[in-house]
Amino acid sequence: MTFDFRLLTINFMTTHQLCDILNEFAPLSLQDSWDNSGLQIDNNNATITGVLICFDITEKSLQEAIQKNCNVIVAHHPLIFSPLKKIGNATYVERCICSAIANGIAIYCNHTPLDKVQGGISWMLGQKLGLNDITYLQADAVASYGAIGEFQHPLSEEEFIDLLKNTFGLPYVRCSEPLNKPIKKVAFCGGSGAFLIDDAIKADADAFVCGDIKHHEFYKAEQKILLADIGHFESEIGTKEIFFSILSKKIPTFAIHLSENDKSPIHCL
């Protein structure tokens, strides 16, 4: 059965209807076996009073939702990943679950489907950098991790690194050894994307941008490509903009808030 979102009443929307809209853009069927995307906490399909969009669900985001009268939270990273043997107040995950249920707040997460879908986080990375002709990194992919595009005019490595810093608000970028070659074709993947280094090299990319590159993985560059690690949080925070764009276009009838409490858990001192 296909749901026609144009027929929704302008007076109200329920939690499940909102989930259907997000699932239409990034289908849950695309998620990896280890992922846990979808509606993690239901609120009995309540009429929505407001939506808070965040990157990670924390106790601060729960308090923000309560203060802003939002009974739905939409996030990129799932709150519930590992199996829980009990729910109390020992961990922030347990406390968030208890707070959400007590306050009638539904929690919906879309993780790896949004990483894979066309127009998802990898596409947004390329668009933010001003790349053209963005396509999937892996040839003939219908939906997969990573994308690739080209600058209209090549940049020097120094100009490219400065662009990354300015675009994503970074004090520095972790890179492989500079090659002193122009950067025109760039591959990229939001989040932990080092598993795509070989694909980026096969695609003749001049640079590959992602987060969470480990020490030994930088050696995979082998003087063939510039690897640039901009951080997990920094490479995926744009998911909030994607969620906001989808929801504001489909259902502009209730308050949609971008969380003011999203911050990387990593601090460089």
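Predicted model: local features only at pLDDT ≥ 70, side-chain atom pairs only at ≥ 80, totals over all residues.
Q: How are helices and strands defined?
A: Both are DSSP runs numbered from the N terminus: helices are H or I with at least four residues, and strands are E with at least two. One example is helix α2, residues 59–67, and another is helix α3, residues 92–102.

Q: At what angle do the axes of α2 and α3 cross?
A: Axes are lines fitted to C-alpha atoms, for helices over the stretch in contact, and angles run from 0 to 180 degrees between N-to-C directions. Here the axes come within 9 Å and cross at roughly 15°. Angles under 35 degrees count as roughly parallel, over 145 as roughly antiparallel, 65 to 115 as roughly perpendicular and the rest as oblique. The helices α2 and α3 are therefore roughly parallel to each other.

Q: Which residues of α2 and α3 meet?
A: Contact means heavy atoms within 4.5 Å. From α2, Glu59, Leu62 and Ile66 meet Tyr92, Arg95, Cys96, Ser99 and Ala100 of α3. These residues divide into five nonpolar, one polar and two charged; Ala, Val, Leu, Ile, Met, Phe, Trp, Tyr, Cys and Pro count as nonpolar, Asp, Glu, Lys and Arg as charged, and the others, Gly among them, as polar.

Q: How do α1 and α9 pack?
A: Helix α1 (residues 15–25) packs with α9 at an angle of about 120°, and their axes are 11 Å apart. The two helices are therefore oblique to each other. On the α1 side the contact is made by Leu18, Ile21, Leu22, Glu24 and Phe25, and on the α9 side by Ile242, Phe243, Ile246, Leu247 and Lys250. The contact has eight nonpolar residues, no polar ones and two charged.

Q: In what order do the five strands form a sheet?
A: Two strands pair if DSSP finds at least two bridges between them. The five strands form an open sheet of mixed pairing, in the order β1-β4-β3-β2-β11. The edges are β1 (38–41) and β11 (255–258), each with a single partner strand, so one side of each has no neighbour in the sheet. Within this sheet, β3 and strand β4 (residues 106–109) pair in the parallel sense over four bridges, and the bridge partner of Ala75 in β4 is Cys109. Helix α9 (residues 239–250) packs on the sheet and touches β2 (50–54), β3 and β11.

Q: In what order do the six strands form a sheet?
A: The order is β5-β6-β8-β9-β10-β7 in an open sheet, again with mixed pairing. Its edge strands, β5 (132–136) and β7 (174–175), each pair on one side only. The pairing of β5 with strand β6 (residues 147–155) is antiparallel, over three bridges, and Thr135 stands opposite Ile148 in β6.

Q: Where does Gly88 lie, and how accessible is Gly88?
A: Buried means under 20% relative accessible area, exposed over 50%, and partly exposed in between, using a 1.4 Å probe and protein chains only. Gly88 lies in the loop between β3 (72–75) and α3, and at 25% relative accessibility Gly88 counts as partly exposed. Not counting residues up to four places away in sequence, Gly88 touches Glu94, Arg95 and Cys98.

Conventions. Residues numbered from 1 in each chain as written. Heavy atoms only, no water.
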